[in-house]
Amino acid sequence: MPIATILWVDDEMESLRSQKLFLESKGYAVETLTNGFDAIDYIKENMVDLVLLDETMPGITGLETLAKIKEINQQVPVVMITKNETENLMEEAIGSQISDYLIKPVNPNQVLLSLKKILDNRRLVAEKTTSAYQQQFRHLFMALNSNPDYNEWMDIYKKLVYWELEMEKSDSPEMREVLQSQKQEANTEFGKFITKNYLKWVNPKSDESPIMSNTLFQFKVLPHVDKETPLFFILLDNLRFDQWKAIQPIFSSFFRILEEDTFYSILPTATQYARNAIFAGLMPVDIEKQYPQLWKNDEEEGGKNMEEEQFFRGQLKRLKKDDLKFSYTKVANHQAGNDLVANIHNMMGNHLNIIVYNFVDMLSHARTEMEVLKELASDEMSYRSITVSWFEHSPLFQALKKIADKKINIVLATDHGSVRVKTPHKVVGDKQTTANLRYKHGRNLAYEAKEVLAVREPKEAGLPVPTVNSTYIFAKEDGYLCYPNNYNHYVNYYRNTFQHGGISLEEMIVPVIKMTSK
């Protein structure tokens, strides 16, 4: 099996016979032709990986042949070989999308180097990536098995995301499988870690807990408020760390990234709990206590995130920062996005501008319901790709570009992430049991204890008690909770969809990024 098939077109091909033999000895299949007309016909009928094309040939020139080849196959790389290095010729060739050019007389190694640069670049990068991950595998394995604390878990997750993104460059399904297996093992250990430590973290007397949803503003946002420079706090909901890494290059083009950090979403990793906790600066049980008229439990009618601005005013008052001039904007549809673009300049007079952008959450939920999106976002790689495509064309990006040349600071964060679910768990409950797939609460829940984290006293987890004797259960790893009724239908319908509410690295360890204008 040849490394690649090369078509070499030159009217002096006879004198290049030794070059052809040299490339064949290196594993390439080399087809030769002596004029542009034959080359065009050949490309119509045959697949080639690269064309070596002489510029000066009788009948039809190399540049004319190049134009015809590109009409037939836009993607095929073409290396132009010429006796003439005149500037206008090179500009014309480069404008016609050549991949490289060589000056006659060509040295065999020079040709080989050009082929390797063009054809082998992806393979060489993939091989290097695979080799580097193989070396890192043991370090990650040891880190997982050395009882990591919450800081070390954030580091482990960042490393796993780094290798997941690097593996996109690799053509090795085997190595991707090894990485996925390691990620799965990490999530198993992380589930045990959260089960053991979470209730300690949310105990009000605890002095050893990570920054979580309810302390995010206090420690990661408000310290960056500078009354001379407007701070934009952007909450892009349901944004995983790997999705942030996918859109990071777009931000980097316009802003300087000062700090790339993570924090822990509270449980349930669901919008009405995690996001309300962020803005109130309180755990849900305390929000309910302080705002009994405003807090809504899962089973109650009405929007669950309608009072964030009022909760935030309460947090500012508690922290004695109620003199702060701030704006609060929520974008839940495209029109609200356009309004943001129109109004962004008017925000420059505030100390703090909060922008809550709902799109990513809509995407993940829509993905479950709409067959088209199921196809588009069938795995993590395509989910990241869709996020990039959305962000590049979003009103949010348009708005940020309008103020990129102003002196501003930005803190970008999220409320929780999501995980692709694959393993169904059967749960039995009464009519009051909630319908969420990654967590449930209700009375008389029947479940397999090893599959979930069960909290029988919700207040211990900082959660309200919706009904007497309510228990909360949280799915771990890639599990999802299904009722016995119509079990097989729901198992198949929701398998491989992105869900949130439970315990996984992807849902709980989420980005908080500090940026400034360049």
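This is a predicted model: local features need pLDDT of at least 70, side-chain atom pairs count only at pLDDT 80 or more; totals for chains, interfaces and linings use all residues.
Colleague: What percentage of the residues of the chain count as buried?

Modeller: A residue counts as buried when its relative accessible area is under 20%. The chain has 518 residues.

Colleague: How many helices and how many strands make up the secondary structure of the chain?

Modeller: The C-alpha atoms fill a box of roughly 90 × 55 × 40 Å along the principal axes. The secondary structure within the chain comes to 19 helices and 18 strands.

Colleague: Among contacts between residues at least 6 apart in sequence, what percentage join residues at least 24 apart?

Modeller: A contact requires heavy atoms within 4.5 Å. Among contacts in the chain between residues at least 6 apart, the percentage joining residues at least 24 apart is 74%.

Colleague: How many aromatic pairs are found, and of what kind is the pair of tyrosine 162 and tryptophan 163?

Modeller: A search of the whole structure gives 35 aromatic pairs. In one of them, tyrosine 162 and tryptophan 163 have ring centres 5.0 Å apart and planes at 80°. Because planes over 60 degrees apart count as edge-to-face, the pair of tyrosine 162 and tryptophan 163 is edge-to-face.

Colleague: Which elements hold phenylalanine 217 and phenylalanine 233?

Modeller: Phenylalanine 217 and phenylalanine 233 form a tilted pair, with 4.7 Å between centres and 55° between planes. The relative accessible area is 0% for phenylalanine 217 and 0% for phenylalanine 233, so phenylalanine 217 is buried and phenylalanine 233 is buried. The pair ties together parts 16 residues apart in sequence, because phenylalanine 217 lies in helix H8 (residues 216-221) and phenylalanine 233 in strand S6 (residues 231-236).

Colleague: Which lysine has its charged end over the ring of phenylalanine 397?

Modeller: Phenylalanine 397 belongs to a cluster linked by ring pairs, whose members include Trp244, Phe251, Tyr357 and Trp390. A charged end sits over the ring of phenylalanine 397, 4.5 Å from its centre, and belongs to lysine 401.

Colleague: At what distance from the ring centre of tyrosine 487 does lysine 426 lie?

Modeller: Lysine 426 is placed over the face of tyrosine 487. The distance from the ring centre is 4.6 Å.

Definitions and conventions:
Residues are numbered from 1 along each chain as its sequence is written. Side-chain values use heavy atoms; hydrogens and water are left out. Rings of Phe, Tyr and Trp (its six-membered ring) pair if their centres lie within 6.5 Å; planes under 30 degrees apart count as stacked, over 60 as edge-to-face and the rest as tilted. Helices (H or I, at least four residues) and strands (E, at least two) are DSSP runs, numbered from the N terminus. Buried means under 20% relative accessible area, exposed over 50%, partly exposed in between (1.4 Å probe, protein chains only). A charge sits over a ring if NZ of Lys or CZ of Arg is within 6 Å of the ring centre and within 35 degrees of the ring normal.
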